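Thanks for making the time this morning.

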Amino acid sequence: MTDAYEALEVSLPDLAKLAIKAHGGLERWKQFEFLTARLVQGGVLWGLKGKAEVLEHASVKVDLKREWASHWPFAPTEHKSSFTPQRVAIENSNGQVIEELLNPRESFKGYEMETPWSNPQVAYFAGYTMWTYLTSPFILTQPGVVSEEIESWEEGGQTWRRLRVRFPGSIATHSTVQTFYFDQQGLLRRHDYEVDIQGSNPAARYIQDSTEVSGIVLPTKMRIFSRQADNQPAPEPLIVSVDLSDFLFE
């Protein structure tokens with residue numbers, strides 16, 4: 001595993017190397033297996049899906065080596081989720097499967113922004129989004145992920161360097177091609193993608209605050225807006241808000 005990581009890091013663009021170093025460094029990141037956090041979520045998306053309170057106040061745990069995540073509780077129950085790209089399950093406190101969805105991405109075919117979701121579909125979306133968000137920018141070292149630096153972007157009086165990233169089909173995430181924006185120190189400030197499972201809606205995620213935990217820089221306040229044709233975020237509505245706290249590495 002170490003040799004594979006080192007080979008991938010050597011092949012990364014200089015901006016990706018700067019970002020990984022700014023967020024704590026790959027050597028430190030490799031010391032951990034899991035990350036757990038408390039989250040509070042808001043925004044209009046959850047109500048549109050008929051799930052306004054299901055994961056409004058919850059905990060999330062992600063595997064830092066492979067794509068797996070779990071959220072709990074699925075209000076008003078104490079159930080928890082188990083997400084992988086191939087399967088999502090909702091389980092009770094004894095581990096009994098309450099609902100299961102195989103090949104979950106296929107279930108979203110034809111869905112739009114207003115299409116309601118089932119609990120397993122919420123678990124799929126929440127699982128891959130939080131896995132993507134909490135492992136970035138270290139996700140750039142995952143097998144099959146290819147990145148290249150593109151032209152910089154001016155916003156709010158700052159110049160942000162950008163990485164265009166292409167994800168392999170083996171990774172469940174918003175879209176195959178995404179763009180990560182970094183400030184001059186290498187910290188992630190913005191992240192663009194299309195939400196393929198709901199009509200490929202363009203979105204921009206902003207990291208508005210962060211903290212350092214066990215030597216790793218993590219986001220604590222994220223706000224996600226629709227992205228307009230001119231690459232600017234739509235001022236409203238707020239699509240998703242995520243506030244994170246109580247981080248724990250294992």
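The chain exposes about 11,000 Å², of which carbon and sulfur atoms supply 49%; accessible areas here come from the Shrake-Rupley method with a 1.4 Å probe, and for residues only the protein chains shown count as cover. Please keep in mind that this is a predicted model, in which local features need pLDDT of at least 70 and side-chain atom pairs count only at pLDDT 80 or more, while totals for chains, interfaces and linings use all residues. Residues are numbered from 1 along each chain as its sequence is written, and side-chain values use heavy atoms, with hydrogens and water left out.

Turning to the fold, the chain has five helices and 13 strands, taken as DSSP runs numbered from the N terminus (helices are H or I, at least four residues; strands are E, at least two). Its C-alpha trace spans about 45 × 40 × 30 Å along the principal axes.

Moving inward, buried residues, meaning those under 20% relative accessible area, make up 54% of the 250 residues in the chain.

What is Met130 in contact with, leaving aside its neighbours within four places in sequence? With contact meaning heavy atoms within 4.5 Å, the partners are Leu39, Val60, Val62, His71, Met222, Val242 and Leu244.

Conventions: Buried < 20%, exposed > 50% of the residue type's maximum accessible area, 1.4 Å probe, protein only.
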